[in-house]
Amino acid sequence: MLTIEKLQAFGADTEEGLARCMKNEGLYLRLVGTITTEKNFDALKTAIEEGDLDKAFEAAHALKGVSGNLSLTPIYTPVVEITEQLRAKTEMDYTGEVEAILAKRDELKALCD
């Protein structure tokens with residue numbers, strides 16, 4: 001079961017996240033629990049595999065917003081980095097960055113189970 005303590009150990013800024021949810025812990029935990037099924041994780045991976053930097057940017061930008069609003073720093077930080085690289089259409093191998101983001105998503109998912 002997901003708890004504030006587990007999220008803090010994960011590295012989330014729970015104080016900021018709770019503040020954005022008007023200190024409603026139940027709402028915050030529910031919202032955090034939904035991010036692991038966010039379709040943009042898979043969309044980012046697929047777009048990178050297909051070399052579609054525009055679609056990858058859209059997916060990364062959406063993940064940036066969701067993870068930022070919930071103050072999920074371990075996901076937000078690498079998503080911000082890849083978003084800016086994609087915004088600039090930097091030609092590079094994004095595989096490592098995507099794998100790191102997906103690993104953090106999976107780590108969060110394990111906390112939710």
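Select aspartate 42 and arginine 105. Their side chains meet in a salt bridge, 3.8 Å from N to O. (A salt bridge here is a side-chain nitrogen of Lys or Arg within 4 Å of a carboxyl oxygen of Asp or Glu.) Aspartate 42 sits in helix H4, residues 39–50, and arginine 105 in helix H7, residues 95–112, so this pair ties together parts that are 63 residues apart in sequence. Helices are DSSP runs of H or I with at least four residues, strands are runs of E with at least two, and both are numbered from the N terminus.

This is a predicted model, in which local features need pLDDT of at least 70, side-chain atom pairs count only at pLDDT 80 or more, and totals for chains, interfaces and linings use all residues. Residues are numbered from 1 along each chain as its sequence is written, and side-chain values use heavy atoms, with hydrogens and water left out.

Now show the surface around that pair. Which of these two residues is buried, and which is partly exposed? Arginine 105 is buried at 14% relative accessibility. Aspartate 42 is partly exposed, at 46% relative accessible area. (Buried means under 20% relative accessible area, exposed over 50%, and partly exposed in between, with a 1.4 Å probe and protein chains only.)

**Along helix H7**

Stay on H7 and select lysine 104 and glutamate 107. They form a salt bridge, with the closest N and O atoms 3.1 Å apart. The two residues are 3 apart in helix H7, about one helical turn. Lysine 104 is partly exposed at 27% relative accessibility. Glutamate 107 is partly exposed as well, at 35%.

**Helix H6**

Move to residues 73–87, which make up helix H6. Select arginine 87 and glutamate 84. Their closest N and O atoms are 3.0 Å apart, in a salt bridge. Both residues lie in H6, 3 residues apart, about one turn of the helix. Arginine 87 is partly exposed, with a relative accessible area of 42%. Glutamate 84 is partly exposed too, at 36%. How many salt bridges does the structure hold? The count is 8.

**The loop between H2 and H3**

Go to the loop that runs between helix H2 (14–20) and helix H3 (25–35) and pick methionine 22. Check its backbone: phi is positive, about 55°, although methionine 22 is not a glycine. Methionine 22 is exposed, at 73% relative accessibility.

Then pick lysine 23, found in the loop between H2 and H3. Lysine 23 has a positive phi of about 65°, and this residue is not a glycine either. Its relative accessible area is 61%, so lysine 23 counts as exposed.

**The cysteines**

A disulfide needs a pair of cysteine sulfur atoms within 2.5 Å. By this rule there are 0 disulfides.

Cysteine 21 is buried at 6% relative accessibility. Cysteine 112 is partly exposed at 22%.
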